[in-house]
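Here's a quick briefing to read alongside the picture.

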Amino acid sequence: TMLVSLAGPLSNVILALIFSIPKLYISLKYGIPASREYVSSFDYRAIIYNLSSVFVIINIGLAVFNILPVPPLDGSKILS
């Protein structure tokens, strides 16, 4: 039961890592500072960068939310 409960938050962390790859690549190749969350442009690189930023934030938030030890969430099953 614990391994099944860990699958949800772990998959969110893995997805966040996967979506951070294009964000990191674009920021290093085109000189976008890593501290910037969004780029205001309609270039395809800016769109990919912004979508990757949003997906990273959402997946990290979902992973943290799932780990909370509230009974319907996965965190309570991990604790028990």
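Which residue forms a salt bridge with Asp43? That's Arg45, and the closest N and O atoms of the pair are 2.7 Å apart. Keep in mind that you're looking at a predicted model, with an average pLDDT of 87 for the protein chain.

**How confident is the prediction?**

- In the protein chain, 95% of the residues score at least 70 in pLDDT.
- Confidence is highest in helix 2, with a mean of 92, and lowest in helix 3 (residues 74–79), with a mean of 82.

**The salt bridge**

- If you search the whole structure, one salt bridge turns up, and it is the Arg45 and Asp43 pair.
- Arg45 has a relative accessible area of 26%, so this residue is partly exposed.
- Asp43 is also at 26% relative accessibility, and therefore counts as partly exposed.

**The nonpolar core**

- The largest nonpolar core has five residues in all: Ile26, Ile32, Val39, Ala46 and Tyr49.
- Leaving aside residues up to four places away in sequence, Ile26 touches Gly31, Ile32, Arg45, Ile48 and Tyr49.
- Two of those contacts, Ile32 and Tyr49, are core members along with Ile26.

**The nonpolar surface patch**

- Out on the surface, Tyr38, Ile47, Leu51, Val54, Phe55, Ile57, Ile58 and Leu62 form a nonpolar patch.
- Together these patch residues have about 680 Å² of accessible area.
- One of them, Leu62, sits in helix 2 (residues 44–67).
- Why does Leu62 count as partly exposed? Its relative accessibility is 39%, and partly exposed covers the range between under 20% (buried) and over 50% (exposed).

- Ile60 is another residue you'll find in helix 2.
- With 39% relative accessibility, Ile60 counts as partly exposed.
- Ile60 and Leu17 are 43 residues apart in sequence, and their C-alpha atoms are 9.4 Å apart in space.

**The loops**

- Ser40 belongs to the loop between helix 1 (2–30) and helix 2.
- Is Ser40 buried or exposed? Ser40 is exposed, as its relative accessible area is 70%.
- Pro71 is in the loop between helix 2 and helix 3.
- Pro71 has 64% relative accessibility and so counts as exposed.
- How far apart are the C-alpha atoms of Pro71 and Met2? They are separated by 14 Å, while the two residues are 69 residues apart along the chain.

Note on methods. Residues are numbered from 1 along each chain as its sequence is written. This is a predicted model: local features need pLDDT of at least 70, side-chain atom pairs count only at pLDDT 80 or more; totals for chains, interfaces and linings use all residues. Side-chain values use heavy atoms; hydrogens and water are left out. A salt bridge is a side-chain nitrogen of Lys or Arg within 4 Å of a carboxyl oxygen of Asp or Glu. Buried means under 20% relative accessible area, exposed over 50%, partly exposed in between (1.4 Å probe, protein chains only). Patches are made of residues with over 30% relative accessible area and no salt bridge: like charges are joined within 9 Å, nonpolar side chains (Val, Leu, Ile, Met, Phe, Trp, Tyr) within 5 Å. Accessible areas come from the Shrake-Rupley method with a 1.4 Å probe; for residues, only the protein chains shown count as cover. Helices (H or I, at least four residues) and strands (E, at least two) are DSSP runs, numbered from the N terminus. pLDDT is the predictor's confidence in each residue, from 0 to 100. A nonpolar core is a set of buried Ala, Val, Leu, Ile, Met, Phe, Trp, Tyr and Cys residues joined through side-chain atoms within 4.5 Å. Contact means heavy atoms within 4.5 Å.
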